[in-house]
Amino acid sequence: MINKQCNNSKGQVYSLLTLRVLIGWYFLYEGLAKVFTPKWTAYGYLMDSKGLFAPLYRMIAGNPDLMATADFINIWGLTLVGLLLILGLFEKAGYIGAALFLILYYLSHPPLLQATYLLPTEGSYLWVDKNLVMLAAVAVLFFFPTAKRIGLDRIIFKNKTK
Amino acid sequence: MSEKDSNPNEKTNHPENKNRKPVSHGRREAIKALATVPVLGAVAYGVYRKKKQETRNITSANMFHFNSEISPLSPLAPDGKTIRLGIIGSGIRGKQLMIALGFGTPQYVEDLKQAHKQDSSDNRYQDFREQEDLKIVITAVCDIFDVHAEEAIAAGANIHREGLNGQYGAAPRRYRHYRELLAADDVDAVVIAAPDHWHGQMALDAARAGKHVYLEKPMTWTVPETYTLREGIKQSGIIFQLGHQNRQVETNMRAREIIEKGLLGAVSLIETGTNRNDPNGAWVYPIHPDANPQTIDWKQFEGEPDRVKEYMDYMTSAGLAKYVGPDPRDQFRLERFFRWRCWWDYSTGLSGDLLTHEFDAMNQIMDLGIPSSASSSGGVYFFRDGRTVPDVLQTTFEYADRGLTMLYSATLASQFNRSRKIMGHDATMELGNTLTVTIDPRSEQYRDKIDNGTIKPGEPFYHYVPGKSIDAVTSATELYFAERGLLYSYVDGKRYNTTYLHLREWLECIRSGKQTSCNIDRGFEEAITAHMGTRAYLEGRTMYWDAEKEEITRG
């Protein structure tokens with residue numbers, strides 16, 4: 001036995017791997033789309049925030065330095081997380097990064113009873129939205145890792161796992 | 001992947017695999033480590049296809065590339081002198097103008113403060129407090145209704161923009177008659193927001209007294225005074241600004257650039273209009289409980305006798321007596337005092353009140369000038385409350401030399417949102433809070449681009465959202481924001497209203513001696529155009545403009 005992962009059946013591993021790659025793709029393209037949009041900014045998204053943390057998000061939008069930092073982290077953070085998940089590189093760090101982004105997005109636009117948003121424009125949600133569902137999926141992946149089976153972590157952590 | 005696969009020890013025991021083991025194991029290891037790398041190739045391919053599809057957006061960014069970043073706000077001159085202002089007329093609009101200048105009554109500021117306490121996202125209090133000091137002092141006020149005058153005094157004294165129980169400055173002096181105010185030595189400039197029938201006369205008197213003038217629109221009430229005022233302003237050399245704050249709207253400036261670049265091709269039709277649907281929008285304003293013959297100077301409200309004579313001469317000579325009154329001019333009536341816009345005796349109707357805004361915006365964008373002819377129709381169709389001015393009006397202005405028509409279409413009984421449209425042979429521009437250009441399928445200018453697929457005709461091709469320095473097609477999101485007023489009113493993170501910017505420009509021109517954006521020549525064009533529309537409605541026939549003689553004729 002190499003590690004605990006060996007207990008998973010073939011079907012389990014492939015479905016977990018598929019989930020990892022799909023979430024990675026989602027993050028990567030969210031990042032790349034921003035990379036390729038000149039002068040992209042999260043300003044509008046932050047200004048649209050509602051709920052308990054809305055003042056915090058608006059404060060970030062109101063401060064040019066914080067806004068620039070938030071934009072940088074969004075653009076390159078999303079791209080990086082996407083790459084890590086697809087490649088299976090430093091997998092756990094990737095999941096933690098993904099979870100942090102998802103928590104921030106969820107809290108900025110919580111699907112509250114009385115809240116209506118300009119963004120996003122599709123879907124109907126009550127307390128649970130797609131960010132929250134994806135957050136749960138990331139948690140599952142965190143506890144059932146696959147990168148040491150399929151992914152660059154297999155090479156990197158070879159010595160440790162033997 | 002089976003457990004067998006993942007357990008390398010198992011395979012080493014297989015006799016047949018013995019020799020190949022190191023190679024195949026290494027390859028298998030590599031395959032498993034790099035299995036997902038091709039996914040990146042798929043992402044790259046997808047991104048490439050997506051970018052290719054967006055070529056037309058890039059094309060639009062190139063076509064609509066503007067050299068100048070429009071900045072509505074240049075810093076105030078550092079050593080500008082303090083300007084002493086007189087306020088003539090402090091009713092609804094007069095109070096708004098004072099607020100735009102930074103002077104609100106303590107009650108007004110208190111209300112903003114409370115609104116912020118109840119809703120922390122209501123930043124009007126903060127915005128008002130932080131609004132730039134325009135280096136002005138209000139030394140004089142004049143209003144013929146005591147309550148309005150006292151409010152103006154309180155606002156003028158509220159130099160620190162405080163709520164109730166604050167520290168206030170010296171109170172401006174109240175004058176009972178505006179001519180007394182104009183004679184005051186401690187007044188450099190006046191802001192006039194009296195009813196329409198006083199506009200021309202007050203501005204003329206102010207210019208003759210050497211005071212700079214900010215005059216609310218429309219510029220004049222009668223046709224003859226329009227010429228007199230133009231001459232008077234030009235002779236006096238004062239700085240004159242007509243209150244069309246659309247001159248400060250960023251979208252209009254960008255629209256002008258688009259026209260100048262010829263991106264729409266030949267423009268043949270302009271469609272503008274007004275849609276409102278509430279009593280306030282139809283000029284049925286509240287009547288103040290303290291208003292009575294003792295608190296209102298009705299005599300002064302009646303108007304300047306010379307101007308009233310011009311009005312009556314025209315109405316009788318053109319057979320329009322049915323539009324005069326119906327109440328005698330000297331009879332005190334609260335409705336007529338507070339809702340004066342409903343009667344021709346004081347008003348210029350939809351033409352003067354709302355058409356002028358639309359016209360001036362188009363004049364700003366396209367240098368239209370005075371039309372060659374005007375025809376109108378409409379009537380009192382919804383607010384049958386005894387008013388004489390119509391609540392539904394369509395006016396068509398012909399610009400025969402330019403080869404285009406400007407249509408103005410208004411109702412005060414439906415709030416349906418219609419954008420201004422400038423229709424060209426190659427493209428149509430729609431103007432609201434945002435600007436949209438749609439390429440015409442039959443365009444000749446864009447034929448090549450339509451044929452090779454870089455332009456999809458009939459679909460919005462270019463959006464401009466003010467407040468954002470993005471030239472390319474912007475997202476639907478940003479459009480939503482702009483339409484909700486979240487983006488465009490922020491300059492450097494601060495919210496500005498256009499009236500403030502318009503007043504600011506006037507004050508800076510007084511200091512520098514430069515011309516204002518809505519000067520007397522633009523005002524003359526505005527007034528004559530509105531009068532042509534009004535006369536066409538009243539007389540039920542087309543009015544023509546004799547450009548050589550500078551006369552409105554009946555053709």
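Which elements of chain B do the buried residues of α13(B) pack against? The model is a predicted one, and the answer comes under the next heading.

## Helix α13 of chain B

Helix α13 of chain B covers residues 250-260. Its buried residues are B:Glu250, B:Thr251, B:Asn252, B:Arg254, B:Ala255 and B:Ile258. These residues pack against one helix, α17 (349-366), and against the strands β12 (427-431), β13 (435-439) and β14 of chain B.

An α-helix has 3.6 residues a turn, so residues three or four places apart point the same way. After α13(B) comes B:Gly262, which has a positive phi near 70°.

## The ten-stranded sheet

Chain B holds an open sheet of ten strands with mixed pairing. The strand order across the sheet is β14-β13-β12-β11-β7-β10-β9-β8-β17-β18. At the edges stand β14 (460-464) and β18 (551-553) of chain B; each has a single partner strand, so one side of each is left without a neighbour in the sheet. On average, neighbouring strands of this sheet are turned by 15° against each other, with direction ignored.

Several pairs can be followed residue by residue. Strand β8 (residues 373-379) of chain B runs antiparallel to strand β9 (residues 392-399) of chain B, and seven bridges join the two. One residue of β9(B), B:Leu393, is the bridge partner of B:Gly378. B:Leu393 also stands opposite B:Ala410, which belongs to β10(B). The pairing of β9(B) with strand β10 (residues 404-411) of chain B is antiparallel as well, over eight bridges. These two strands form a hairpin with four residues between them, and in this hairpin B:Gly403 takes a positive phi near 70°.

Helix α21(B) lies across β8, β9, β17 and β18 of chain B, and runs at about 55° to β8(B).

## The nonpolar cores

The largest nonpolar core has 114 residues. Those that touch the most other members are B:Ile88, B:Val190, B:Val191, B:Ile192, B:Ala203, B:Val213 and B:Met429. Helix α21 (residues 520-539) of chain B gives the largest share of this core, nine residues.

Leaving aside residues up to four places away in sequence, B:Val191 touches B:Leu85, B:Ile87, B:Ile88, B:Leu97 and B:Tyr214. Another core lies apart from the largest one and has 25 residues, including A:Leu28, A:Leu85, A:Leu87 and A:Met134.

## Chain A

Chain A has eight helices and zero strands. Of its 162 residues, 34% are buried. Among contacts in chain A between residues at least 6 apart in sequence, 74% join residues at least 24 apart.

The average pLDDT of chain A is 86, and 89% of the residues score at least 70.

How values were computed:
Residues are numbered from 1 along each chain as its sequence is written. Chains are lettered from A and ligands numbered from 1 in the order in which they are written. This is a predicted model: local features need pLDDT of at least 70, side-chain atom pairs count only at pLDDT 80 or more; totals for chains, interfaces and linings use all residues. Two strands pair if DSSP finds at least two bridges between them. A nonpolar core is a set of buried Ala, Val, Leu, Ile, Met, Phe, Trp, Tyr and Cys residues joined through C-beta atoms within 7 Å. A residue is buried if 20 or more other C-beta atoms lie within 10 Å of its own, exposed if 12 or fewer, and partly exposed in between; C-beta atoms are placed from the backbone. Two residues are in contact if their C-beta atoms, placed from the backbone, lie within 7 Å. pLDDT is the predictor's confidence in each residue, from 0 to 100. Axes are lines fitted to C-alpha atoms, for helices over the stretch in contact, and angles run from 0 to 180 degrees between N-to-C directions.
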